[in-house]
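Hello,

Here is the structure I promised to pass on. Please look it over, then read my notes below.

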Amino acid sequence: MNPAVGFTAVIAVSVITALIGIYGLRVSRTTSDFYVASRTVRPWWNASAIGGEYLSAASFLGIAGLIMISGLDALWFPIGYTAGYLMLLFFVAAPLRRSGAYTIPDFAEARLGSTGARRVTSILVVMVGWLYIVPQLHGAALTIRTTTGLPSWVGAVAVVVIVCLTVMTGGMRSITFVQAFQFWLKLTALAVPAFFILLLVTGTAGTLPGGPLPAGTDFFPPSNPPGGGSMYTTLSLLVALLFGTLGLPHVLVRFYTNPDGAAARRTTLIVLGLLSIFYLFPTIFGVLGRVFLPGLAEEGTPDATVLLLPGALVGGMGGSLLTALVVAGAFAAFLSTTSGLVVSLAGVISQDLLGGSVRGFRIAAVGAAVVPLVVALGTDSLALAGTVGLVFAFTASTVCPLLLLGIWWRGLTDAGAVAGMVVGGVLCGAAIMLAARVGVDSGWRDVLAQPAAWTVPASFITMVLVSLATPRRRSPGAARFMSKLHVPERPLAHPGPSR
Amino acid sequence: MNDDGVPQSQPVPPAAPPAAGRVRVVAPGSQARHLPELTSVSQEVAEQSAVGEVMVRSLIRSQLRLSLVVAFGFMAALFIGTMVLRWVPGFSAWRILGIPAPWLMLGAGVYPVIGACAWLYVRAATKNENQYRDLVEEK
């Protein structure tokens, strides 16, 4: 592949991101206070921004890669990623918007009236964020290596440097516009090449470089081994994805830009629509990849399918342009998810450790990005979608029970919340580490490698039992806080508070 | 400069009034605490009277029931789909426009179901809230 294509795409997407950031910054300075401005963000913009931040390396590259490896079973990943937002809508979206909490630790402190619970939540949120950034950097390393031929570390370092610069110069204040742009870029970057490739493959226009397909080519060869994963694996994966989404640290912040709880629900509805459309395309890439690039799975780089398919099937100038588009989309995915995570982690770290000053925020931003960089450089890229799946399992076992019980059950106490989160986190972490040491044939392997099905209930049960055992520790403000979460705001006719 | 949605646990000390034409940018986290209480009549009712307390409890209960019903409905649909996939022999061989039915179901068919669940839920949740508002205002 021509390295110039990769370079051009990566530089273009970085420059455009920075320009939109600067332009949006000026808009938000001259119109009105940033916060009030964000209250007027239309649900469409907001939903695009949420989609932009959520669709990470795992969605953009990982799903197609997983279809290459495991065929039909991989389709549960996009279903889980989308249905996670469904659970978020059912249980979290509107109440969390009304809570006034800006981060998950803020929520824990307000609901439980305890700084201890806040600290534990902060630590877990930072761990989740770090674990989630690592696969993004692996994706960037893979993209740079595949498209430009430079060593892997260049990609990871480039993403961290760009994100740190934008976050530290304050360019991310206009984050809504940047993220919204990146959603549409990602969608275009998959949809346009998919469209052209489908035209070629069905023979409607042009011919494939390798001549027409032999008659009777099966586009849906059976998975190998047939049947794929066990029933338990699928179930456990779904538990992780469905309940992991609602604890992701960068997701909550985005909901705060909705004017009220009802708007938070409408926004989530649009997000679901956008995700549903987006996820059609990685599937198309994966299916075609199995037919046209079967070698990638054996070479151990199935995640490169999306990057290589347009160049392999569409020759000449057109192929280069489509490849550039896909690379740009992939880079947008790494940048948007990483910057969203870094901003929310820096908020948490600076507030809890560094006193909440602007300088502290900047130091925290660097820390939030550099730690996962070190981890990413020291580890090998596994299947992207699978790694992110484990992060979801960890979130579902720790933060998710805190949010669900905190929002819906008066009886939750700080002791219960901390015990549940620690039990869930330790069990889930230990299971994932043990899974790497257990032999492939062991019957325990599935149970340990996909732990959500038992660690999530364990965390919930611990939280409930310990809370019931410590009724005196209930926060005195809990009842008032609960009614704030669930009682609808004034009808929108009331303007926001003027300042 | 006070920027970047940095949530701050301490309230920002009152600064000099901003120069004309520039608006001070404040972290939403800290501002949430400064906002004049956004409480509506319904929230005040909720907090101050025993009747209000009962009404809030019943609102929370009906919202929770709604969420659980729709969530379990969705999961049941997913479960039935998986069962069909695994145990109905002819299903895997069935093709629509050349695409095998399992691929069509998992790759595209699930998403309209997700959308429908979400839409039904938003409608019903809004209705619950409107009922609560009516109740409070009648009082």
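Helices (H or I, at least four residues) and strands (E, at least two) are DSSP runs, numbered from the N terminus. The expected span of a helix is 1.5 Å times one less than its number of residues.

This is a predicted model: local features need pLDDT of at least 70, side-chain atom pairs count only at pLDDT 80 or more, and totals for chains, interfaces and linings use all residues. Residues are numbered from 1 along each chain as its sequence is written, and chains are lettered from A, ligands numbered from 1, in the order in which they are written.

Chain B

Chain B has four helices and two strands. Their order along the sequence is α-α-α-β-β-α. Of its 139 residues, 27% are buried. Buried means 20 or more other C-beta atoms within 10 Å of the residue's own, with C-beta atoms placed from the backbone.

Helix α3 of chain B covers residues 50-87, 38 residues in total. Its first and last C-alpha atoms are 54 Å apart, close to the expected 56 Å. Its buried residues include Met55(B), Val56(B), Leu59(B), Ile60(B) and Phe74(B).

Core

The largest nonpolar core has 192 residues. Such a core is a set of buried Ala, Val, Leu, Ile, Met, Phe, Trp, Tyr and Cys residues joined through C-beta atoms within 7 Å. Helix α17 of chain A (residues 316-353) gives the largest share, 19 residues. Leu86(A) is among the residues with the most contacts inside this core.

What does Leu86(A) touch, leaving aside its neighbours within four places in sequence? Its contacts (C-beta atoms, placed from the backbone, within 7 Å) are Leu272(A), Phe74(B), Ile114(B), Cys117(B) and Ala118(B). Phe74(B) is one of the buried residues of α3(B).

Chain A helices

Helix α14 of chain A (residues 280-292) has 13 residues, which should span 18 Å; its end C-alpha atoms are 19 Å apart, which agrees. Eleven of the 13 are buried. Among them are Phe281(A), Phe285(A), Arg290(A) and Phe292(A).

Helices α4 (residues 57-70) and α8 (residues 115-148) of chain A have axes that come within 10 Å and cross at roughly 60°. Axes are lines fitted to C-alpha atoms over the stretch in contact, and angles run from 0 to 180 degrees between N-to-C directions. Ala57(A), Ala58(A) and Leu61(A) of α4(A) make the contact with Pro135(A), Gln136(A) and Gly139(A) of α8(A).

Best wishes

Terms used:
A residue is buried if 20 or more other C-beta atoms lie within 10 Å of its own, exposed if 12 or fewer, and partly exposed in between; C-beta atoms are placed from the backbone. Two residues are in contact if their C-beta atoms, placed from the backbone, lie within 7 Å.
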